Amino acid sequence: MLKENTTKGKLIVVEGIDGSGKSTQIDLLYKWLQSQGYSVFFSEWNSSPLVKTTTKAAKKEKSFTPTTFSILHCTDFADRWENSIYPLLKAGAIVLADRYVYTAFARDVARGVDPEWVRNMYSFAIKPDVAFYFRVPLDIAVERITAARAKLKYYEAGMDLNLSENINESFKLFQGRILDEYDKMVDEFGLTLMDGTQLVKEQQKHVRNIVKRVLRGWEGLPNPNMPPKEQSKAKAKARNSGGEA
Amino acid sequence: MKQPVFYGAGFPYREIGPLTGKLIVLEGNDGVGRSTQIKMLRRWLEAEGYAVSDTGLTRSTLTAKGIEEAKSGHTLGPLTLSLFYLADFADRLENLIIPALQAGFIVLSDRYFYSVIARDANRGVDKEWSRKLYGIALKPDLILYMKASVSTLVQRLIHGRGLNYWEAGMDLHLADNLYDSFIAYQTLLSKQFDELSEIYNFVPVDADQAVEPIFEEIKISILELLHNQLPKSKMPK
């Protein structure tokens with residue numbers, strides 16, 4: 001389905017429902033990898049400047065159908081893929097992605113789109129070297145989101161699906177459906193399951209150990225902003241502090 | 001009355017029900033004269049008492065502005081372009097074409113998705129991938145393939161709207177000038193159309209003829225289709 005990574009780069013992604021804590025974890029990982037002297041880049045879901053005006057307008061006017069919602073998010077991904085993720089991987093960088101194709105597989109299928117169809121649409125993408133799936137029980141995620149946010153957004157709450165007239169209730173039902181889709185994908189795509197209820201620090205330790213294992217013995221694109229001596233020192237340190245030998 | 005048939009899964013979350021209208025597609029190269037024929041067909045069908053609606057690529061308000069902006073810059077990749085067109089197509093199909101067919105209209109489509117697949121194939125996009133994407137597409141009742149030689153296309157365009165960057169495939173760097181690039185690009189497109197014609201059962205129309213004889217040829221195919229099914233309506237307007 002997804003292509004094997006034959007580039008010189010490394011692709012690491014985080015997945016999970018809203019409020020699973022994945023963005024916190026990838027942000028910490030990003031800073032840590034930078035401090036280790038790696039050439040590391042970050043790509044966020046739904047952030048292509050080329051597609052932004054279209055998605056923004058459609059969200060405002062509530063004019064998406066499940067299919068057009070799905071396609072435009074893939075258009076956004078494709079633009080980031082063609083202009084940033086893929087060339088950076090070819091160059092030998094580490095690319096971190098906050099949400100990847102699995103987000104679409106979970107959300108769009110939860111909206112009723114055909115699973116095979118959406119999987120084909122994203123089949124130009126590369127299988128990540130690690131795909132962390134931060135799993136939290138629905139109640140905890142919902143609590144985190146409603147506590148942090150003044151108001152839920154129409155599509156994130158799945159209001160287009162008419163699950164409930166109450167936005168909080170709809171959000172919960174919709175996120176529950178997405179959670180089910182994620183759970184089904186753990187085996188299908190070999191996602192690395194993480195316990196999102198643990199302390200942030202504990203989770204990060206676990207994340208770094210897995211990433212260290214992936215990067216062991218790997219030579220990526222040198223970072224010209226780091227003196228070569230520092231670079232090798234930092235990398236040696238990263239290697240030595242890796243989990244098991 | 002018939003149940004909708006899709007090339008693939010269609011829109012599984014949507015109950016569509018029987019479609020009483022007819023979907024008629026005109027395909028063919030740039031400059032082949034599709035829009036002229038559609039205007040004539042519309043006038044003729046309306047005079048015959050049918051309710052007619054027409055549609056064409058990039059006419060979705062959801063994506064029109066975005067596509068235009070994206071095409072005017074320098075960062076638009078082939079996959080992104082392809083998906084923008086898919087969004088345009090899906091939006092028009094769900095929100096315009098299907099409702100019109102439910103209401104008993106004849107929908108005349110100036111191109112469908114075949115043109116998009118043909119163009120993408122020339123830009124290195126995987127054909128199998130494209131074809132599966134358009135599993136959302138409704139099977140038309142009739143696909144008319146207006147087939148003309150490249151020299152006919154050049155004549156029509158030069159005496160019409162002129163040659164342009166995208167229709168000449170200048171982004172492919174096939175030649176250093178608009179004319180040679182147009183010839184090379186449209187030749188490649190014709191090959192793609194011929195291939196698609198087999199796969200999707202196009203009805204070929206000799207478009208090297210003058211406008212009137214082309215129109216007569218198209219009318220015969222449409223009459224055949226309409227006599228078989230659609231009752232001349234009580235205009236659903």
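Which strands of chain A does helix α8 lie across? Helix α8 (residues 200-215) of chain A lies across β1, β4 and β5 of that chain. This is a predicted model, where local features need pLDDT of at least 70 and side-chain atom pairs count only at pLDDT 80 or more, while totals for chains, interfaces and linings use all residues. Residues are numbered from 1 along each chain as its sequence is written, and chains are lettered from A and ligands numbered from 1 in the order in which they are written.

**The sheet in chain A**
- Five strands make an open, parallel sheet in the order β2-β3-β1-β4-β5 (strands are DSSP runs of E, at least two residues, and helices are runs of H or I, at least four, numbered from the N terminus).
- β2 (40-44) and β5 (192-195) of chain A are at the edges with a single partner strand each, so one side of each has no neighbour in the sheet.
- β4 (residues 130-135) and β5 of chain A pair in the parallel sense over four bridges (pairing takes at least two DSSP bridges).
- A:Y133 has A:L193 in β5(A) as its bridge partner.

**Helices across the sheet**
- Helix α1 (residues 22-35) of chain A lies across β1 (10-15), β2, β3 (94-98) and β4 of chain A, at about 165° to β3(A).
- Helix α8(A) runs at about 165° to β4(A) (angles run from 0 to 180 degrees between N-to-C directions of axes fitted to C-alpha atoms, for helices over the stretch in contact; contact puts C-beta atoms, placed from the backbone, within 7 Å).

**The nonpolar core**
- In the largest nonpolar core, of 129 residues, A:V95 and B:V107 touch the most other members (a core joins buried Ala, Val, Leu, Ile, Met, Phe, Trp, Tyr and Cys through C-beta atoms within 7 Å; buried is 20 or more other C-beta atoms within 10 Å of a residue's own, exposed is 12 or fewer, partly exposed is in between).
- Helix α3 (residues 78-102) of chain B gives the largest share of this core, 14 residues.

Notes
Contact = placed C-beta atoms within 7 Å.
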